[in-house]
Amino acid sequence: MRLHYIPTCLLVVKIAILLPFFTKAQEVKVGLYRSLELRTVVFKVIEGQYTVSNNDSALVTMQPSDILFVTSVADRLSSWNSAAHLGLHSTMSITATKDNSRMLIEPAYPAAPPRRYYGNFNIWLDSVNRMTLVNQLSMDEYIAGVVEAESGIKALPEFYKAQAIISRTYLLNNLHRHKNENFDICDEVHCQVYKGYGVEHKPILKAVEETKGLVIVDKQGLLITAAFHANSGGQTVNSEDVWSTTLPYLRGKEDPYYEKLNHSSWTTEIPVTQWHDFLRSRNISFDPNKPLSFQQPKRQRFMVINNQPIMLTDIRNAFNLKSTFFSIEQKGNVLIFKGKGFGHGVGMSQESAMKMAQKGKSFQEIINFFYTNVQIVDIFETTYLQNMIFETR
Ligand SMILES: [Zn+2]
């Protein structure tokens, strides 16, 4: 809990104001393995102790190395451990009863790689008998997992701090996103990628701790849409060039840090016939005998053929291209796409931000470079933001 800047005489008042935030928003409910139709899941205790409950009555206690199987059978959850079948249930919970408890979770059907998690778990079947598995844990534990999943373990502390603040801002801005499914946020790209606590990379844990409570707000003091991508290709993109919304803090700008990185440039080839099929599918009239040439020295929004504009984002999606920042030359029956960058190009370029950290830039400089006219504030000292978060949750 971060209470600096607070005079001691105000401490009692401050804690009283903050109490709803601490009791509710300090924990996050994450829907796990959401891209899978989970049928059978195996839980194995790595460390600590858990109580397995069925609709609030305790069934069994789990110790390190103990295993629990949970599978869906029609409209019920069936569970068993190495000793016995534990029965059929409509809901189940697995609650940590010791500090530092850690659980290994491995989907068995469909099979998926195991991941390691802190916190508690709730399981139920939704209206179409699909298993919902939710991990409930502290916000900062979740953010550390997201930072590792979204950016790996090779970056420097100032980058991790920027990424932690961005991921925290995203989380608090999206706590309502899966409200109808009875959890806060999912573990896929749809929200933020989260694969449990990963390898517990110490610089990431430290960056999350050192930026505790920090979020990014716009000129109006509202949480920003903290978009980020892998590599800008040398120029970031206005929000309205990719999505329909114009956001004053997501402005395209020159990015001098993008070169000589993993995703600085790319090349791909597409048969001309596929391109023609694409144009026909969009009712674009064209001369099939005229070789295509398209140059994009600066980022554009459209390619124009016979006065007909085609959104570059449509071309990117249709051909699964790494970015919209490309030029095209035709050689015989093949189109050669030469592109720069990776991702939508809006907000922070992760690779450039990593390079900025290498060049000695601070997390504040990184954030202020990629987001225009923003401020970094402490959520624990910003009561109106806490109230807004509760309203949407
Ligand atoms: Zn989601």
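Modeller: Happy to! One convention first: Ala, Val, Leu, Ile, Met, Phe, Trp, Tyr, Cys and Pro count as nonpolar, Asp, Glu, Lys and Arg as charged, and the others, Gly among them, as polar. Keep in mind too that this is a predicted model.

The structure has one cavity of 30 Å³ or more, and the volume of the largest cavity is about 50 Å³. Around the largest cavity sit Y118, E141, A144, G145, E148, Y197, E200, H201, I204 and L205. That lining splits into five nonpolar, two polar and three charged residues. Two helices, α2 (139-151) and α4 (202-210), each provide at least two of the lining residues, and α2 contributes the most, with four.

Now for the metal site. The zinc ion is held by H178 through NE2, C186 through SG, H190 through ND1 and C191 through SG, at 2.0 to 2.4 Å. Because the angles between the four donor atoms run from 102 to 116 degrees, the arrangement is tetrahedral. Along the chain, the donors are spaced as H-x7-C-x3-H-C. H178 belongs to the loop between α3 (157-173) and β13 (185-186), while C191 belongs to the loop between β13 and α4, so this pair ties together parts that are 13 residues apart in sequence.

C186 has 3% relative accessibility, so C186 counts as buried; C191 has 7%, which is why C191 counts as buried. As for disulfides, the count is zero.

Note on methods. Residues numbered from 1 in each chain as written. Predicted model: local features only at pLDDT ≥ 70, side-chain atom pairs only at ≥ 80, totals over all residues. Heavy atoms only, no water. 1 Å grid on protein atoms, 1.4 Å probe; cavity = no way out; pocket = protein on both sides within 12 Å on 5 of 7 lines; lining within 4 Å. Points joined across faces, edges and corners; volume = space filled by probe spheres on them. Disulfide = S-S within 2.5 Å. Buried < 20%, exposed > 50% of the residue type's maximum accessible area, 1.4 Å probe, protein only. Donors = N, O, S within 2.8 Å, 3.2 Å for Na, K, Ca; no water. Tetrahedral: all angles 85-135°; square planar, octahedral: opposite > 155°, others 65-115°.
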